[in-house]
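Thanks for coming. I will take a few minutes to walk through one structure, starting with confidence and then moving to charged pairs and the surface.

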Amino acid sequence: MPLWGRFRVSFDSWRLMNLDNHLIEESEEIGDVKVETDHWRPIDGKPVKRIKIGFVDGVRRTENMVYVEDPEEMLVVEGAFVSVGAGAITLEFGRLNTLEEAFKRAIVKRYFLLRENINSAQPKLRFITSAGTIEFEVKHTKKELSPFVNDLMANLEAFVAESVYKEGEAELLITDGTLHFNLKRKGLPFIGYVKKHKRIYLYPEHYEVLRKLKVGQRTPLVLIHSQPTTEENGKTDKFDKFTWYVKLSEGEGINSVARLEVPAEIGVEKAVELADLSAYIVPKFASVEFSDKRAPQNLIPIRYLENYLRRHLGCQSLIRKLIAEKMLKQ
């Protein structure tokens, strides 16, 4: 059995965390459907000639699940080696953009996660190879591992988005997925882009407006309440959001629309401005079925960014082999 100092490590290689099925801060309650208007009808997007847009996404992957045994304390805890990546593609709408100039960020972090705060002396695990060094930062959490990985990814996405915006490379930021509470603190023009419809944030009497949408149109804003998030210190944090639906393609049904959201603290006026802009811009980047099975909801820049980031995570089979071999030799 591999040793890590005084700890015994056993690999649970057949089991992987089902990371994609854990939601990050999905809202759960409809607040106000009349926050923008009492008259529910499709609203046209607002055309724009030039604007710098940053598309931000993150990826995560389980390299290996483990159990760590402390023979002195008679304690066995769950752990995982995980890799997390985040990046941004920036495009200036209204002109030709090359891939070389579009990819602005690509950051990969690796972590060795442990469910309990066992007394480990090493802050990092380094695996040295002829090709270079792979380093895993040791982190402890009382949370379930999968939601904790989502938190790490959301923090990395926020870092990337903030750096892109502050360097003037984007005037508008579209993040793939529902907005995490930590983005609220950044005060940046984030739009969360939600392509998976876990629920519809409309009352039945408003469904007809959703059906009547044409490409480039949106629904009025809806105020929704986010579920609370428990921090490591036991405190809870939550925030309200404005959300709306945008028609992406000529197809029928809910698969032809996407839901977008912004923090409610930006105010109704700014939210309306972003909603009008998104209704015009977002359909321009919708994918098509012959090249993407998740079309039209999987936006083309996000698809390229996701593939780019997954390549940057490296070869999973080689990383798993490296971890196992190096720990056996310790």
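**Confidence, salt bridges and a surface patch**

The average pLDDT of the protein is 85, and 87% of the residues score at least 70. Keep in mind that this is a predicted model. Among the elements, strand S12, residues 217–218, has the highest mean pLDDT, 98, and strand S14, residues 229–230, has the lowest, 50. Over residues 20–25 the pLDDT stays under 50; the model has 20 contacts beyond four places in sequence for that stretch.

Now the charged pairs. Side chains of opposite charge can pair when their charged atoms come close. The count here is 21 salt bridges.

Take Arg115. It forms a salt bridge with Glu78, with the closest N and O atoms 3.8 Å apart. Arg115 sits in the loop between strands S7 and S8, and Glu78 in strand S6, so the pair ties together parts that are 37 residues apart in sequence. Arg115 also meets Glu144 in a salt bridge, at 3.6 Å from N to O. Glu144 is in the loop between strand S9 and helix H2, 29 residues from Arg115. Is Arg115 buried or exposed? Its relative accessibility is 18%, so it counts as buried.

Another pair is Lys139 and Glu137, whose closest N and O atoms are 3.7 Å apart. Both are partly exposed: Lys139 has a relative accessible area of 25%, and Glu137 has 31%. Elsewhere, salt bridges with shared partners join Glu36, Arg218 and Asp276 into one network.

Last, the surface. Leu99, Ile300 and Tyr304 form a nonpolar patch there, with about 270 Å² of accessible area together. Tyr304 belongs to helix H6, residues 300–312, and is partly exposed at 40% relative accessible area.

How values were computed: Residues are numbered from 1 along each chain as its sequence is written. This is a predicted model: local features need pLDDT of at least 70, side-chain atom pairs count only at pLDDT 80 or more; totals for chains, interfaces and linings use all residues. Side-chain values use heavy atoms; hydrogens and water are left out. Patches are made of residues with over 30% relative accessible area and no salt bridge: like charges are joined within 9 Å, nonpolar side chains (Val, Leu, Ile, Met, Phe, Trp, Tyr) within 5 Å. Accessible areas come from the Shrake-Rupley method with a 1.4 Å probe; for residues, only the protein chains shown count as cover. A salt bridge is a side-chain nitrogen of Lys or Arg within 4 Å of a carboxyl oxygen of Asp or Glu. Helices (H or I, at least four residues) and strands (E, at least two) are DSSP runs, numbered from the N terminus. Buried means under 20% relative accessible area, exposed over 50%, partly exposed in between (1.4 Å probe, protein chains only). pLDDT is the predictor's confidence in each residue, from 0 to 100. Contact means heavy atoms within 4.5 Å.
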